[in-house]
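I opened my notebook beside the model and wrote down what I looked up, chain by chain. Here are the entries, in the order I made them.

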Amino acid sequence: MHPTKSGRWITQTVSSTYLSEAVAIWFRDLRSEFRTRYAVNSILMFALTTLVAVSFSIGSFRIEESERPFLYAVLLWIILVFSALSGLSRSFVKEQEAGTMDILKLSARPQAVFLGKLFFNLTMLGALGLIIVPAFILLMGYKIKFPGCFAAMMVTGGLGLGAGTTLVAAMIAQADARGALFSALSFPLLLPLIITAIKGSERAAYGISAAGWPEVKIAAAYAVIMITVSLLLFPLIWEE
Amino acid sequence: MIYKILLTIWMNLIIAAVFLYVEPAAGFPGEVSRILFFHVPTAWVATLAFFLSMIASCVYLITRKVNADFLAQSSAELGFLFCFLATVTGSIFAKATWGSFWNWDPRQTSIVMLLMIYGAYFVLRSAVPDHEKRRVFAGVYSILAFCTVPFLVFVVPRITNSLHPEDTLNPASPGMDMKTLIFFLGSLCAYTGLFVWMLRLKVRMLRLLDREQRAFRSNF
Amino acid sequence: MKSGLGFVAAVNLIIWSGITLYLFVLDRRLKKLEQRSGMDVHYEK
């Protein structure tokens with residue numbers, strides 16, 4: 001309950017800061033992910049399968065030109081969100097399954113653990129976005145009037161996705177029925193973000209006067225607020 | 001005991017009066033506007049209950065008193081019930097005035113969002129076996145979910161315009177006549193009283209259940 | 001006043017009576033259970 005009390009964590013030394021601990025956890029996760037490639041494979045395969053299914057059944061000419069900016073934004077975000085939900089819970093569930101949860105609790109401060117896992121999830125989301133978004137644009141022939149704004153929407157949307165799901169992942173790792181629970185718990189929290197991101201992508205692609213910058217700001221605010229609240233609440237669920 | 005009987009009589013009077021005494025509001029087809037006396041109080045009670053649940057969750061996380069969690073859980077369950085009733089009555093009103101039961105009006109979107117959040121809240125509660133952990137998780141989740149609600153309030157009106165009646169059925173506006181206003185406020189009070197009664201029953205039930213479970217466990 | 005409103009009011013009153021009856025029964029049962037386990041001291045008489 002008192003994360004600032006000194007001398008409680010084994011590896012906590014004078015020189016270790018929140019950030020250095022977080023980065024250590026982040027790199028450790030990346031290394032173990034690089035060995036097994038479990039999370040990244042499942043997320044990417046899920047995304048590619050959905051993308052192929054969407055692209056095959058709709059193709060690049062089925063939808064009217066005027067409808068495209070909106071409908072393509074909806075499809076893109078559905079693919080991104082649900083493939084993210086299929087794999088992001090791994091970051092904490094794998095600790096639980098490997099039995100390393102308690103060691104992690106002892107070896108770093110809670111906020112540092114949260115930040116490390118958040119960085120890891122954001123890395124996963126970055127990889128997902130870098131592969132899926134260009135593939136989607138090419139396969140579907142998605143014409144985007146403001147690429148800069150569209151890219152910013154992808155980045156802030158991804159940030160929000162990571163920010164809104166990391167705390168939920170930490171909770172469901174300690175609960176029963178983990179797989180289905182993660183989507184069920186995350187989706188209501190993500191709904192405002194998804195609505196914003198779809199609207200922002202549509203506006204960036206359509207290219208109306210204000211483009212999608214207000215939506216980019218809303219998504220960024222969502223990410224900042226979710227990260228702040230999660231940092232405050234995380235010690236409560238971590239110290240149990 | 002006496003206030004429960006008074007509440008029963010009061011509610012009977014309200015029901016009889018809003019159908020037989022109050023005239024329907026102008027600007028709405030037929031008798032549709034009478035749903036005001038049932039729809040708005042349920043929505044108000046749902047809001048009150050969810051807010052109370054959030055506050056009780058905070059209190060639980062700070063003090064770790066079990067009673068606060070009982071209050072949070074009971075309040076969330078009753079809020080869910082009243083939220084569902086508000087959705088159904090609102091949907092009936094939508095069919096009668098706008099022509100379809102469901103058309104993703106911002107009000108409908110936000111109420112579905114609330115139902116989903118608290119649906120997930122109950123799923124989380126049922127999925128954590130450890131009592132202490134379950135209470136903490138539920139509290140954390142309800143605070144986290146509460147932080148996303150302001151976004152919905154800002155975001156959704158940007159997408160579509162609302163058809164939800166605001167002015168004609170707003171108590172503060174001159175659109176509502178005196179008779180309607182009196183029975184509207186009376187109905188609000190009756191529903192709030194009903195909520196308090198049900199809430200106390202639910203809290204007592206949870207307390208008994210908890211006690212039974214503890215007694216059962218201590219037998220081993 | 002339109003005809004049929006009386007019928008709707010009656011249906012509403014019957015539903016409401018059912019709800020109240022249920023709540024009163026629940027109240028009594030809970031009180032009995034509380035008395036049996038000695039928990040009734042904190043509640044109204």
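**Chain B, overall.** I began with the secondary structure of chain B and found six helices and zero strands, where helices (H or I, at least four residues) and strands (E, at least two) are DSSP runs numbered from the N terminus. Read from the N terminus on, the elements go α-α-α-α-α-α. Next I looked up burial: of the 220 residues in chain B, 49% are buried. Buried here means under 20% relative accessible area, exposed means over 50%, and partly exposed lies in between, with a 1.4 Å probe and protein chains only.

**Ground rules.** I noted that this is a predicted model, in which local features need pLDDT of at least 70 and side-chain atom pairs count only at pLDDT 80 or more, while totals for chains, interfaces and linings use all residues. Residues are numbered from 1 along each chain as its sequence is written, chains are lettered from A and ligands numbered from 1 in the order in which they are written, and side-chain values use heavy atoms, with hydrogens and water left out.

**Ser142(B).** I then picked out Ser142(B), which sits in helix 5 (residues 131–159) of chain B. Is Ser142(B) buried or exposed? Ser142(B) counts as buried because its relative accessibility is 2%. Leaving out residues up to four places away in sequence, Ser142(B) touches Met54(B), Ser57(B) and Tyr121(B). With Ser57(B) there is a polar contact between the two side chains, at 3.2 Å. For a polar contact I need a pair of N or O atoms within 3.5 Å; within protein, one must be able to donate a hydrogen and the other to accept it, and residues adjacent in sequence count only if both atoms are side-chain atoms.

**Two arginines with positive phi.** Arg64(B) is not a glycine, yet its phi is positive, about 60°. I found Arg64(B) in the loop between helix 2 (36–63) and helix 3 (66–97) of chain B, and it counts as partly exposed at 24% relative accessibility. In chain A, Arg37(A) also has a positive phi, near 55°. Arg37(A) is placed in the loop between helix 1 (18–36) and helix 2 (38–58) of chain A. With a relative accessible area of 39%, Arg37(A) is partly exposed.

**Where A meets B.** How many residues of chain A are in contact with chain B? I get 32, facing 28 residues of chain B. The two chains bury about 2800 Å² between them, 81% of it on carbon and sulfur atoms; this is the accessible area (1.4 Å probe) that two parts lose on being put together, summed over both. Across this interface the rule finds two residue pairs in polar contact, both at pLDDT 80 or more. On the chain A side, helix 7 (147–172), helix 8 (178–206) and helix 9 (213–238) each supply at least two residues. I sorted the residues of that side into 24 nonpolar, three polar and five charged. Here Ala, Val, Leu, Ile, Met, Phe, Trp, Tyr, Cys and Pro count as nonpolar, Asp, Glu, Lys and Arg as charged, and the others, Gly among them, as polar.

**Chain C.** Of its 45 residues, 29% are buried.

Methods: Contact means heavy atoms within 4.5 Å.
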